[in-house]
Amino acid sequence: QDLLVETGGGLVQPGGSLRLSCAASRSIFSINVMGWYRQAPGKQRELVATIGPDGITNYADPVKGRFTISRDNARKTAYLQMNSLKSEDTAVYYCNADRALVGPEWRYALWGQGTQVTVSS
């Protein structure tokens, strides 16, 4: 069961933009904090950005001023707008929910399968 599904990845030139989406399954009725993480080959998964249920955002230093995280609770979807992309941004990007109401139960630390972002000229 894919509770979170990321889309929007692809190949983009340096300086370009991509918009990632993270759609929650219809079995999820509520989500607490949503976040985006990324992992390059041979590297550890790292935080990109988070957004709380109150709309408060947090960004990792390497993406500050370039990326914007947002969420649409009606669509149960989170987004990551990535501008001024650099080769260093190349990674698999994962969506995360720290806590979600799945049917009648709260579930913790949900992850999507990831979407590949490649920044190359």
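Begin by selecting the four strands that form an open sheet in the order β1-β3-β9-β8, where the pairing is antiparallel; strands here are DSSP runs of E with at least two residues, numbered from the N terminus, and two of them pair if DSSP finds at least two bridges between them. β1 (4-7) and β8 each have a single partner strand and stand at the edges, so one side of each is left without a neighbour in the sheet. On average, neighbouring strands of this sheet are turned by 15° against each other, direction ignored, with axes being lines fitted to C-alpha atoms.

This is a predicted model, in which local features need pLDDT of at least 70 and side-chain atom pairs count only at pLDDT 80 or more, while totals for chains, interfaces and linings use all residues. Residues are numbered from 1 along each chain as its sequence is written, and side-chain values use heavy atoms, with hydrogens and water left out.

Next, zoom in on β1 and β3, which run antiparallel and are joined by four bridges; Leu4 has Ala24 of β3 as its bridge partner.

Now select Ile28, Trp36, Leu80, Met82 and Tyr93, the residues with the most contacts inside the largest nonpolar core, which has 31 residues. Such a core is a set of buried Ala, Val, Leu, Ile, Met, Phe, Trp, Tyr and Cys residues joined through side-chain atoms within 4.5 Å, buried meaning under 20% relative accessible area, exposed over 50%, and partly exposed in between (1.4 Å probe, protein chains only). β10 gives the largest share of this core, six residues.

Finally, select Arg99, found in strand β10, which is partly exposed with a relative accessible area of 31%.

Technical notes:
Axes are lines fitted to C-alpha atoms, for helices over the stretch in contact, and angles run from 0 to 180 degrees between N-to-C directions.
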